[in-house]
Amino acid sequence: MTTPFNLKWGILATGRISHIFTKDILMPPSTRQVTDVSHTFVAVASSSSIDKAHQFIKDFEADLKVAQYQTTGAVRPYGSYADLLADKDVEVVYVGSPHSDHYKTCLAALRAGKHILCEKAFTLNAAQTEHLCALAKEKKLFLMEAQWTRFFPSILDLQTQLNSPQMPFGRIYRTFADFSIQAPASAAHRLYDPKQGGGALLDLGVYPILWCFILFYRNPENTLTPPSVTASVVNSPLTGVDEQDTVVLKWDKLGFQSTCCTSLVGRTEEWALILYGEKGNVYIPHPLSRPSSYTVHMHGEAHVKHQIHIPGQGMHWEADAVARSISKGELENPIMPHQESIEIMKVMDKVRKIGNVSYGELEDLEK
Ligand SMILES: NC(=O)C1=CN([C@@H]2O[C@H](COP(=O)(O)OP(=O)(O)OC[C@H]3O[C@@H](n4cnc5c(N)ncnc54)[C@H](OP(=O)(O)O)[C@@H]3O)[C@@H](O)[C@H]2O)C=CC1
Ligand SMILES: O=C1OC[C@@H](O)[C@H](O)[C@H]1O
(Lines give C-alpha, C1' and ligand atoms only; values in the text may rest on other atoms or scores of the structure.)
(Ligands and ions follow the chains in the order given, each with its own letter.)
Protein backbone atom coordinates (compact mmCIF):
# COMPACT_ATOMS: atom_id res chain seq x y z
CA MET A 1 0.00 0.00 0.00
CA THR A 2 1.33 3.48 -0.85
CA THR A 3 1.73 6.13 1.87
CA PRO A 4 -1.19 8.55 1.88
CA PHE A 5 -0.55 12.18 0.97
CA ASN A 6 -0.56 14.01 4.31
CA LEU A 7 -1.72 17.63 4.55
CA LYS A 8 -0.79 19.93 7.45
CA TRP A 9 -3.64 22.16 8.58
CA GLY A 10 -3.72 25.43 10.50
CA ILE A 11 -7.12 26.41 11.88
CA LEU A 12 -8.04 30.12 11.88
CA ALA A 13 -10.74 30.97 14.49
CA THR A 14 -11.77 28.97 17.52
CA GLY A 15 -15.58 29.12 17.18
CA ARG A 16 -18.22 26.48 16.66
CA ILE A 17 -17.53 25.41 13.10
CA SER A 18 -13.74 25.27 13.60
CA HIS A 19 -14.38 22.73 16.37
CA ILE A 20 -16.59 20.58 14.14
CA PHE A 21 -14.14 20.68 11.22
CA THR A 22 -11.11 19.87 13.38
CA LYS A 23 -12.84 16.92 15.01
CA ASP A 24 -13.62 15.53 11.56
CA ILE A 25 -10.09 15.85 10.18
CA LEU A 26 -8.79 14.06 13.27
CA MET A 27 -10.96 11.02 12.48
CA PRO A 28 -8.90 8.18 10.97
CA PRO A 29 -9.51 8.32 7.20
CA SER A 30 -10.08 4.54 7.29
CA THR A 31 -13.44 5.20 9.06
CA ARG A 32 -14.63 6.53 5.69
CA GLN A 33 -12.65 4.03 3.58
CA VAL A 34 -10.13 6.69 2.48
CA THR A 35 -6.55 5.52 1.96
CA ASP A 36 -4.97 8.05 -0.43
CA VAL A 37 -4.92 11.16 1.82
CA SER A 38 -4.58 12.02 5.50
CA HIS A 39 -4.57 15.14 7.66
CA THR A 40 -2.49 16.60 10.47
CA PHE A 41 -3.72 19.41 12.73
CA VAL A 42 -0.53 21.41 13.35
CA ALA A 43 -1.68 24.84 14.58
CA VAL A 44 -4.65 26.94 15.64
CA ALA A 45 -5.02 30.71 15.99
CA SER A 46 -7.50 32.92 17.77
CA SER A 47 -7.84 36.55 16.71
CA SER A 48 -9.00 37.52 20.19
CA SER A 49 -6.82 35.66 22.71
CA ILE A 50 -4.13 33.00 22.84
CA ASP A 51 -6.02 31.44 25.76
CA LYS A 52 -8.77 30.48 23.33
CA ALA A 53 -6.19 28.75 21.13
CA HIS A 54 -4.83 26.84 24.15
CA GLN A 55 -8.37 25.88 25.14
CA PHE A 56 -9.14 24.77 21.57
CA ILE A 57 -6.20 22.33 21.66
CA LYS A 58 -7.32 21.10 25.08
CA ASP A 59 -10.79 20.43 23.68
CA PHE A 60 -9.16 17.89 21.34
CA GLU A 61 -6.93 16.17 23.87
CA ALA A 62 -8.76 12.87 23.58
CA ASP A 63 -9.01 13.01 19.76
CA LEU A 64 -5.31 13.91 19.43
CA LYS A 65 -4.28 10.90 21.52
CA VAL A 66 -5.96 8.47 19.15
CA ALA A 67 -5.51 10.36 15.86
CA GLN A 68 -3.32 8.41 13.43
CA TYR A 69 -1.13 11.14 12.00
CA GLN A 70 -0.61 13.33 15.08
CA THR A 71 2.19 13.70 17.57
CA THR A 72 0.55 14.44 20.91
CA GLY A 73 1.48 17.86 22.26
CA ALA A 74 2.75 19.11 18.90
CA VAL A 75 -0.13 21.44 17.97
CA ARG A 76 0.94 25.09 18.18
CA PRO A 77 -1.42 27.76 19.61
CA TYR A 78 -1.28 31.34 18.30
CA GLY A 79 -2.85 34.56 19.60
CA SER A 80 -3.24 36.14 16.16
CA TYR A 81 -4.01 34.92 12.64
CA ALA A 82 -0.84 36.65 11.39
CA ASP A 83 1.33 34.55 13.73
CA LEU A 84 -0.16 31.32 12.42
CA LEU A 85 0.27 32.49 8.82
CA ALA A 86 3.99 32.97 9.54
CA ASP A 87 4.32 29.32 10.62
CA LYS A 88 6.25 27.61 7.81
CA ASP A 89 4.96 24.16 8.76
CA VAL A 90 1.32 25.09 8.00
CA GLU A 91 0.47 24.13 4.41
CA VAL A 92 -3.23 24.92 4.27
CA VAL A 93 -5.51 27.05 6.44
CA TYR A 94 -9.14 26.46 7.30
CA VAL A 95 -10.92 29.81 7.71
CA GLY A 96 -13.73 29.46 10.26
CA SER A 97 -14.35 33.13 11.10
CA PRO A 98 -17.63 34.98 10.29
CA HIS A 99 -18.35 35.80 6.60
CA SER A 100 -17.37 39.45 7.16
CA ASP A 101 -13.82 38.35 7.98
CA HIS A 102 -13.28 35.81 5.17
CA TYR A 103 -12.05 38.25 2.50
CA LYS A 104 -9.51 39.96 4.74
CA THR A 105 -8.20 36.71 6.23
CA CYS A 106 -8.00 34.90 2.87
CA LEU A 107 -6.07 37.83 1.39
CA ALA A 108 -3.59 37.64 4.26
CA ALA A 109 -3.31 33.85 3.91
CA LEU A 110 -2.66 34.03 0.16
CA ARG A 111 -0.05 36.72 0.70
CA ALA A 112 1.60 34.42 3.25
CA GLY A 113 1.70 31.61 0.67
CA LYS A 114 -0.94 29.35 2.24
CA HIS A 115 -3.48 27.17 0.46
CA ILE A 116 -7.02 27.84 1.73
CA LEU A 117 -10.31 26.16 2.53
CA CYS A 118 -12.69 28.99 3.52
CA GLU A 119 -16.12 28.59 5.12
CA LYS A 120 -19.28 29.59 3.29
CA ALA A 121 -20.46 32.19 2.46
CA PHE A 122 -17.11 32.68 0.72
CA THR A 123 -17.10 36.48 1.03
CA LEU A 124 -19.68 39.26 1.34
CA ASN A 125 -20.03 39.78 -2.42
CA ALA A 126 -19.01 38.39 -5.80
CA ALA A 127 -16.33 41.03 -6.39
CA GLN A 128 -14.45 39.91 -3.28
CA THR A 129 -14.69 36.24 -4.31
CA GLU A 130 -13.46 37.10 -7.82
CA HIS A 131 -10.52 39.02 -6.38
CA LEU A 132 -9.48 36.12 -4.12
CA CYS A 133 -9.76 33.59 -6.94
CA ALA A 134 -7.64 35.74 -9.25
CA LEU A 135 -5.00 36.28 -6.56
CA ALA A 136 -4.88 32.55 -5.71
CA LYS A 137 -4.28 31.72 -9.38
CA GLU A 138 -1.61 34.39 -9.64
CA LYS A 139 0.15 33.00 -6.56
CA LYS A 140 -0.40 29.38 -7.68
CA LEU A 141 -2.19 28.51 -4.44
CA PHE A 142 -5.20 26.29 -3.92
CA LEU A 143 -8.40 28.08 -2.83
CA MET A 144 -11.84 26.62 -2.21
CA GLU A 145 -15.11 27.63 -0.56
CA ALA A 146 -16.17 25.06 2.04
CA GLN A 147 -19.48 24.02 0.48
CA TRP A 148 -19.02 20.73 2.32
CA THR A 149 -22.39 19.20 1.39
CA ARG A 150 -21.25 18.87 -2.25
CA PHE A 151 -18.61 16.32 -1.21
CA PHE A 152 -20.91 13.74 0.43
CA PRO A 153 -20.53 10.61 -1.73
CA SER A 154 -24.32 10.03 -1.85
CA ILE A 155 -24.92 13.60 -2.99
CA LEU A 156 -22.28 13.29 -5.69
CA ASP A 157 -24.13 10.15 -6.84
CA LEU A 158 -27.44 11.98 -6.97
CA GLN A 159 -25.82 14.80 -8.96
CA THR A 160 -24.40 12.29 -11.45
CA GLN A 161 -27.75 10.50 -11.83
CA LEU A 162 -29.64 13.73 -12.43
CA ASN A 163 -27.25 14.97 -15.04
CA SER A 164 -26.92 11.65 -16.87
CA PRO A 165 -28.35 11.30 -20.40
CA GLN A 166 -30.78 8.67 -19.02
CA MET A 167 -32.61 11.43 -17.06
CA PRO A 168 -33.96 8.97 -14.41
CA PHE A 169 -36.63 11.42 -13.21
CA GLY A 170 -37.56 12.56 -16.71
CA ARG A 171 -37.64 16.27 -17.50
CA ILE A 172 -37.59 18.37 -14.36
CA TYR A 173 -40.66 20.62 -13.95
CA ARG A 174 -39.66 22.66 -10.90
CA THR A 175 -37.98 22.53 -7.48
CA PHE A 176 -38.72 23.95 -4.08
CA ALA A 177 -35.92 24.29 -1.50
CA ASP A 178 -35.85 25.80 1.99
CA PHE A 179 -33.31 26.23 4.79
CA SER A 180 -34.84 28.08 7.74
CA ILE A 181 -34.14 27.99 11.44
CA GLN A 182 -35.42 29.69 14.58
CA ALA A 183 -32.39 31.91 15.32
CA PRO A 184 -31.76 33.61 18.67
CA ALA A 185 -33.44 37.02 18.23
CA SER A 186 -30.51 39.11 19.43
CA ALA A 187 -28.89 42.02 17.60
CA ALA A 188 -25.48 40.81 18.85
CA HIS A 189 -25.84 37.28 17.42
CA ARG A 190 -23.77 36.80 14.25
CA LEU A 191 -26.91 35.93 12.26
CA TYR A 192 -28.41 39.37 13.01
CA ASP A 193 -25.18 41.40 13.24
CA PRO A 194 -24.38 43.29 9.98
CA LYS A 195 -20.76 43.64 11.12
CA GLN A 196 -20.50 39.83 10.97
CA GLY A 197 -22.25 39.60 7.58
CA GLY A 198 -25.55 38.71 9.29
CA GLY A 199 -28.82 37.81 7.59
CA ALA A 200 -30.44 34.57 6.48
CA LEU A 201 -29.17 34.62 2.91
CA LEU A 202 -25.39 34.34 3.29
CA ASP A 203 -25.60 31.89 6.18
CA LEU A 204 -28.52 29.62 5.31
CA GLY A 205 -29.97 30.76 1.96
CA VAL A 206 -26.71 29.79 0.31
CA TYR A 207 -27.72 26.10 0.77
CA PRO A 208 -30.98 26.06 -1.24
CA ILE A 209 -29.11 28.01 -3.92
CA LEU A 210 -26.07 25.74 -3.94
CA TRP A 211 -28.36 22.70 -4.09
CA CYS A 212 -29.96 24.10 -7.24
CA PHE A 213 -26.47 24.61 -8.65
CA ILE A 214 -25.54 21.01 -7.69
CA LEU A 215 -28.63 19.69 -9.42
CA PHE A 216 -28.92 21.91 -12.51
CA TYR A 217 -25.96 24.16 -13.24
CA ARG A 218 -23.96 21.30 -14.77
CA ASN A 219 -26.85 19.78 -16.67
CA PRO A 220 -25.46 19.29 -20.20
CA GLU A 221 -28.39 21.28 -21.65
CA ASN A 222 -27.72 24.19 -19.28
CA THR A 223 -24.13 24.58 -20.55
CA LEU A 224 -23.03 26.31 -17.33
CA THR A 225 -25.51 29.16 -17.82
CA PRO A 226 -26.28 31.00 -14.56
CA PRO A 227 -29.98 31.31 -13.74
CA SER A 228 -31.88 34.59 -13.92
CA VAL A 229 -32.86 35.83 -10.47
CA THR A 230 -35.86 37.51 -8.85
CA ALA A 231 -36.46 37.76 -5.12
CA SER A 232 -38.47 39.15 -2.26
CA VAL A 233 -36.82 40.06 1.06
CA VAL A 234 -38.15 40.86 4.53
CA ASN A 235 -35.71 42.92 6.59
CA SER A 236 -35.21 42.35 10.29
CA PRO A 237 -36.82 44.97 12.54
CA LEU A 238 -33.82 44.42 14.87
CA THR A 239 -30.88 45.27 12.59
CA GLY A 240 -32.16 45.57 9.00
CA VAL A 241 -30.40 42.42 7.75
CA ASP A 242 -32.46 40.04 5.62
CA GLU A 243 -34.57 37.91 7.93
CA GLN A 244 -36.53 36.14 5.18
CA ASP A 245 -35.63 35.69 1.51
CA THR A 246 -37.54 34.00 -1.28
CA VAL A 247 -35.41 33.66 -4.37
CA VAL A 248 -36.64 32.42 -7.73
CA LEU A 249 -33.95 31.02 -10.00
CA LYS A 250 -35.10 30.62 -13.60
CA TRP A 251 -33.07 28.12 -15.59
CA ASP A 252 -33.79 29.58 -19.01
CA LYS A 253 -32.12 26.80 -21.03
CA LEU A 254 -33.83 24.07 -18.99
CA GLY A 255 -37.27 25.71 -19.03
CA PHE A 256 -38.19 25.65 -15.35
CA GLN A 257 -37.67 27.52 -12.13
CA SER A 258 -36.44 26.79 -8.60
CA THR A 259 -37.91 28.50 -5.56
CA CYS A 260 -35.32 28.93 -2.79
CA CYS A 261 -36.45 30.10 0.64
CA THR A 262 -34.60 30.96 3.81
CA SER A 263 -35.62 32.50 7.10
CA LEU A 264 -34.28 33.20 10.58
CA VAL A 265 -37.78 32.67 11.97
CA GLY A 266 -39.89 29.54 11.53
CA ARG A 267 -37.72 26.44 11.17
CA THR A 268 -38.04 24.16 8.13
CA GLU A 269 -40.11 21.09 8.96
CA GLU A 270 -39.76 17.76 7.20
CA TRP A 271 -38.90 18.30 3.51
CA ALA A 272 -36.22 20.84 2.71
CA LEU A 273 -36.08 20.16 -1.02
CA ILE A 274 -38.62 18.71 -3.41
CA LEU A 275 -37.69 18.09 -7.00
CA TYR A 276 -40.67 17.51 -9.28
CA GLY A 277 -39.86 15.44 -12.38
CA GLU A 278 -41.87 14.07 -15.28
CA LYS A 279 -41.22 10.47 -14.16
CA GLY A 280 -40.60 10.92 -10.45
CA ASN A 281 -39.94 13.21 -7.52
CA VAL A 282 -37.00 13.47 -5.10
CA TYR A 283 -37.49 14.57 -1.48
CA ILE A 284 -34.63 15.72 0.75
CA PRO A 285 -35.18 16.34 4.48
CA HIS A 286 -33.99 19.26 6.62
CA PRO A 287 -31.24 20.38 7.03
CA LEU A 288 -29.94 20.96 3.51
CA SER A 289 -26.44 21.40 4.94
CA ARG A 290 -26.36 17.77 6.10
CA PRO A 291 -29.35 15.71 5.02
CA SER A 292 -29.46 12.19 6.40
CA SER A 293 -31.33 10.64 3.47
CA TYR A 294 -33.10 11.28 0.20
CA THR A 295 -36.31 9.66 -0.97
CA VAL A 296 -37.19 8.86 -4.56
CA HIS A 297 -40.81 8.51 -5.59
CA MET A 298 -41.16 7.29 -9.16
CA HIS A 299 -44.77 7.96 -10.18
CA GLY A 300 -47.00 4.95 -9.54
CA GLU A 301 -44.34 3.16 -7.47
CA ALA A 302 -43.52 2.97 -3.75
CA HIS A 303 -41.27 5.59 -2.15
CA VAL A 304 -37.63 4.43 -1.85
CA LYS A 305 -35.57 5.97 0.94
CA HIS A 306 -31.77 6.15 0.47
CA GLN A 307 -29.87 6.68 3.72
CA ILE A 308 -26.90 9.06 3.51
CA HIS A 309 -24.30 7.46 5.76
CA ILE A 310 -22.18 10.17 7.41
CA PRO A 311 -19.30 9.19 9.69
CA GLY A 312 -18.65 12.09 12.12
CA GLN A 313 -20.18 15.34 10.88
CA GLY A 314 -19.09 14.82 7.27
CA MET A 315 -16.67 17.72 6.89
CA HIS A 316 -13.71 15.36 6.32
CA TRP A 317 -14.84 14.68 2.74
CA GLU A 318 -14.20 18.26 1.68
CA ALA A 319 -10.85 18.15 3.51
CA ASP A 320 -9.96 14.96 1.61
CA ALA A 321 -10.82 16.72 -1.66
CA VAL A 322 -8.55 19.64 -0.72
CA ALA A 323 -5.70 17.22 0.03
CA ARG A 324 -6.21 15.41 -3.29
CA SER A 325 -6.18 18.68 -5.23
CA ILE A 326 -3.07 19.95 -3.47
CA SER A 327 -1.31 16.62 -3.98
CA LYS A 328 -1.95 16.98 -7.73
CA GLY A 329 -1.00 20.66 -7.88
CA GLU A 330 -4.58 21.73 -8.72
CA LEU A 331 -5.45 25.34 -7.87
CA GLU A 332 -9.19 24.61 -7.63
CA ASN A 333 -11.28 21.51 -7.10
CA PRO A 334 -13.58 20.31 -9.88
CA ILE A 335 -16.41 19.60 -7.42
CA MET A 336 -16.34 23.19 -6.09
CA PRO A 337 -14.68 25.27 -8.80
CA HIS A 338 -14.08 29.01 -8.46
CA GLN A 339 -16.60 29.93 -11.16
CA GLU A 340 -19.46 28.22 -9.33
CA SER A 341 -18.65 30.06 -6.09
CA ILE A 342 -18.58 33.31 -8.07
CA GLU A 343 -21.94 32.61 -9.78
CA ILE A 344 -23.57 31.76 -6.44
CA MET A 345 -22.20 34.98 -4.90
CA LYS A 346 -23.60 36.88 -7.91
CA VAL A 347 -27.05 35.39 -7.26
CA MET A 348 -26.82 36.54 -3.63
CA ASP A 349 -25.62 40.02 -4.68
CA LYS A 350 -28.79 40.38 -6.77
CA VAL A 351 -31.01 39.28 -3.89
CA ARG A 352 -29.33 41.67 -1.44
CA LYS A 353 -29.74 44.51 -3.93
CA ILE A 354 -33.48 43.80 -4.14
CA GLY A 355 -33.62 43.66 -0.32
CA ASN A 356 -31.44 46.76 0.25
CA VAL A 357 -29.02 44.72 2.36
CA SER A 358 -25.53 46.15 2.30
CA TYR A 359 -22.56 45.58 4.59
CA GLY A 360 -21.10 49.02 3.87
CA GLU A 361 -17.34 49.34 3.72
CA LEU A 362 -16.90 45.67 4.66
CA GLU A 363 -17.86 44.98 1.03
CA ASP A 364 -15.01 47.07 -0.38
CA LEU A 365 -12.10 45.54 -2.26
CA GLU A 366 -8.70 46.11 -0.79
CA LYS A 367 -6.72 48.54 -2.94
N1 LIG B 1 -20.35 24.58 6.99
C2 LIG B 1 -21.24 24.66 7.98
O3 LIG B 1 -22.08 23.80 8.20
C4 LIG B 1 -21.21 25.83 8.86
C5 LIG B 1 -20.51 26.95 8.47
N6 LIG B 1 -20.48 28.02 9.26
C7 LIG B 1 -19.74 29.20 8.78
O8 LIG B 1 -18.61 29.36 9.60
C9 LIG B 1 -18.39 30.71 9.91
C10 LIG B 1 -18.33 30.88 11.43
O11 LIG B 1 -19.50 30.41 12.03
P12 LIG B 1 -19.54 29.88 13.55
O13 LIG B 1 -18.40 28.99 13.82
O14 LIG B 1 -20.90 29.36 13.76
O15 LIG B 1 -19.37 31.23 14.34
P16 LIG B 1 -18.81 31.45 15.81
O17 LIG B 1 -19.32 32.77 16.22
O18 LIG B 1 -19.07 30.27 16.66
O19 LIG B 1 -17.23 31.53 15.60
C20 LIG B 1 -16.63 32.48 14.79
C21 LIG B 1 -15.20 32.71 15.28
O22 LIG B 1 -14.59 33.60 14.37
C23 LIG B 1 -13.59 34.38 15.06
N24 LIG B 1 -13.74 35.79 14.64
C25 LIG B 1 -12.88 36.46 13.86
N26 LIG B 1 -13.30 37.70 13.65
C27 LIG B 1 -14.47 37.84 14.31
C28 LIG B 1 -15.38 38.90 14.45
N29 LIG B 1 -15.19 40.08 13.87
N30 LIG B 1 -16.48 38.71 15.20
C31 LIG B 1 -16.69 37.51 15.79
N32 LIG B 1 -15.86 36.45 15.68
C33 LIG B 1 -14.75 36.62 14.95
C34 LIG B 1 -13.78 34.13 16.55
O35 LIG B 1 -12.73 33.23 16.92
P36 LIG B 1 -11.33 33.80 17.44
O37 LIG B 1 -11.67 34.86 18.46
O38 LIG B 1 -10.71 32.62 18.03
O39 LIG B 1 -10.60 34.36 16.27
C40 LIG B 1 -15.11 33.39 16.64
O41 LIG B 1 -15.11 32.46 17.68
C42 LIG B 1 -19.50 31.50 9.21
O43 LIG B 1 -18.99 32.02 8.01
C44 LIG B 1 -20.56 30.45 8.91
O45 LIG B 1 -21.29 30.68 7.73
C46 LIG B 1 -21.09 28.03 10.48
C47 LIG B 1 -21.79 26.94 10.92
C48 LIG B 1 -21.95 25.76 10.12
O1 LIG C 1 -23.75 26.41 7.49
C2 LIG C 1 -24.60 26.36 8.36
O3 LIG C 1 -25.32 25.24 8.52
C4 LIG C 1 -25.97 24.97 9.73
C5 LIG C 1 -26.57 26.22 10.35
O6 LIG C 1 -27.10 25.92 11.61
C7 LIG C 1 -25.52 27.29 10.46
O8 LIG C 1 -26.07 28.51 10.97
C9 LIG C 1 -24.95 27.58 9.11
O10 LIG C 1 -23.87 28.48 9.22
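What is the mean pLDDT of the protein, and what share of its residues reach 70 or more? The mean pLDDT (the predictor's confidence in each residue, from 0 to 100) is 96, and 99% of the residues reach 70 or more. This is a predicted model, in which local features need pLDDT of at least 70, side-chain atom pairs count only at pLDDT 80 or more, and totals for chains, interfaces and linings use all residues. Residues are numbered from 1 along each chain as its sequence is written, while chains are lettered from A and ligands numbered from 1 in the order in which they are written. For the complex, the predictor gives an ipTM of 0.99 and a pTM of 0.98.

Figure 1. The protein is divided into domain 1 (5-149 + 315-336) and domain 2 (153-309 + 343-351), with bounds that come from an automatic or database domain assignment. Their C-alpha centres lie 26 Å apart. In domain 1, 13 residues are in contact with 14 residues of domain 2; contact requires C-beta atoms, placed from the backbone, within 7 Å. On the side of domain 1 that touches domain 2, the elements giving two or more residues are α5 and α6 (126-139). Helices (H or I, at least four residues) and strands (E, at least two) are DSSP runs, numbered from the N terminus. The residues of this side divide into 5 nonpolar, 7 polar and 1 charged. Nonpolar denotes Ala, Val, Leu, Ile, Met, Phe, Trp, Tyr, Cys and Pro, charged denotes Asp, Glu, Lys and Arg, and the others, Gly among them, count as polar.

**Figure 2. The surroundings of ligand 1.** Ligand 1 is surrounded by 22 residues, of which Thr14, Gly15, Ser46, Ser47 and Ser48 are the closest; a residue is near if its C-beta atom, placed from the backbone, lies within 6 Å. Helices α1 (16-25) and α5 (99-111) are the elements that give two or more residues to this shell. The shell comprises 5 nonpolar, 10 polar and 7 charged residues. Domain 1 and domain 2 each supply at least three residues to the shell.

Figure 3. In the order β8-β9-β10-β7-β11-β12-β13-β14, 8 strands form an open sheet of mixed pairing; two strands pair if DSSP finds at least two bridges between them. At the edges, β8 (228-235) and β14 (304-307) each pair on one side only. The twist averages 10° from one strand to the next. Axes are lines fitted to C-alpha atoms, for helices over the stretch in contact, and angles run from 0 to 180 degrees between N-to-C directions. Helix α8 (residues 200-217) lies across β7, β9, β10 and β11, at about 155° to β10.

How values were computed: Contact = placed C-beta atoms within 7 Å.
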